[in-house]
Amino acid sequence: MDETPQNTQLVYDAEDEYRPEPTVPAGPPAWQDGSLRIGIHTSIAGDIAQSLEIAHALGANALQIFSASPRMWHSHGSAADSTAGPGREKFSAVAMARFRARREELQLGPLVVHANYLINLASPDRVLRVRSIQAFHDELVRAVALGADYLVVHPGASRGGDARQAAGAVAQSLRQAARNVKLGSLRILLENTAGQGTVLGSTFSELKFILDLCPDLPVGVCIDTAHMFAAGFNIREAEGLDKTLQAIQSTVGLARVYIIHCNDSKTPLASRVDRHEHIGEGKIGLDAFRRILNHPLLAPAAAGQEKEPAAGGVGRAFILETPIDKPGDDLKNVRTLWKLSGKPAPVPAGSAAPRDGFRVRAKKRKRPAARKTSSKKRAAARSRGVAKKKR
Ligand SMILES: [Zn+2]
Ligand SMILES: [Zn+2]
């Protein structure tokens, strides 16, 4: 193995690239009103603004997107570039402005961007690490240009190297990638992992170790339910959830948890294998998600009004990353989360008629069980592409 120490000056000249000026909001954004925010990862294929329409039509009031194709490397400087190449990996400044305006109209928040899966900020391979730093720098630039609130990234993998050293490399890479970027209100969130192979971040103390090395950066944590479960945190049980939240509180701190990725798990407890499943159809189960959505320590708080300062909650959201095995799965998972939360799905003001005909009921009405089922079936039938009535 190459014993050459990591070059700490792996910077490149970014002077000539497009650098968006973050828009400085006058106060906290409107969506930080303490209301429950439920979002879903939506596709940017075709037109990036279409992701907003999809999330809105599904009944979500928050969303997560990739800002470019997540499984390929992009040439450096792939920000707002009017010479957008084939494959639409790049979005023009006009497209990004339209995206920001439409998001405002639909009152979707927070907007979460998930970073490219190829990025490994911990890589012991210098070439891969420099490429990762550049790619993450581009992720930051694009997230700022889109007006995103959070950029979620996996810590990376040590690939056989020393785990502590690799964790230190992550922090150093983050700082280098963020150099000369005006982040505005964008926050970088490290996501916990299932701990497969040499992947870092399956324990909260490991995430804390990295965060502590970045005191000058706006950082936080994204916790993924499927990853926690696969990493051995038994959040399926009420007691296990409480213990897990204690483990978070005593390490990274709950106040630094901004996003909760809600995914059921195809794989069993402590499997260390990351396979997402529909809510209620995996090893975690509906009851566990009901507890998670309603847990006081995970509740969102209005800006400036944290009820439990230690638990934070301002800007917190629950985001689905569930698979779409058949048309309508996304709608089903969003509806399941709202139902488990016991809160009505909102209808944002100023919204156009949803394209697919699905409309979230504005009023919550008590119905007999039989009526409820038939109304549910009617709603499912109205939704785009739902061919089968199986739920
Ligand atoms: Zn992730
Ligand atoms: Zn996740």
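Biologist: This is a predicted model. How many bridges join strand β7 to strand β10, and how do these strands run?

Modeller: Strands of a sheet pair through backbone hydrogen bonds, either parallel or antiparallel. Here β7 (residues 257-262) and β10 (residues 317-320) run parallel and are joined by 4 bridges. Within this pairing, His261 stands opposite Ile319, and Cys262 stands opposite Leu320.

Biologist: What do the strands form together?

Modeller: They form a closed barrel of 8 strands with parallel pairing, in the order β1-β2-β3-β4-β5-β6-β7-β10. From one strand to the next, the twist averages 25°.

Biologist: Which way do the residues of β10 point, and are they buried or exposed?

Modeller: Ala317 and Ile319 point one way, Phe318 and Leu320 the other way, and all are buried. Helix α9 (residues 329-341) lies across β10, β7 and β1 (38-41), and runs at about 160° to β1.

Biologist: Which residues have the most contacts inside the largest nonpolar core?

Modeller: In soluble globular proteins, nonpolar side chains tend to be buried together. In this model the largest nonpolar core has 101 residues, and Leu151, Val170, Leu189 and Ile259 have the most contacts inside it. Helix α3 (residues 126-146) gives the largest share of this core, 9 residues. Leu151 touches residues including Val113, Ala143, Ile188 and Leu189.

Technical notes
Residues numbered from 1 in each chain as written. Chains lettered and ligands numbered in written order. Predicted model: local features only at pLDDT ≥ 70, side-chain atom pairs only at ≥ 80, totals over all residues. Pairing = 2+ DSSP bridges. Helix = DSSP H or I, 4+ residues; strand = E, 2+ residues; numbered from the N terminus. Axes fitted to C-alpha atoms, helices over the stretch in contact; angles between N-to-C directions. Contact = placed C-beta atoms within 7 Å. Core = buried A, V, L, I, M, F, W, Y, C linked by C-beta atoms within 7 Å. Buried ≥ 20, exposed ≤ 12 C-beta atoms within 10 Å, placed from the backbone. Lists of a residue's contacts leave out its neighbours within four places in sequence.
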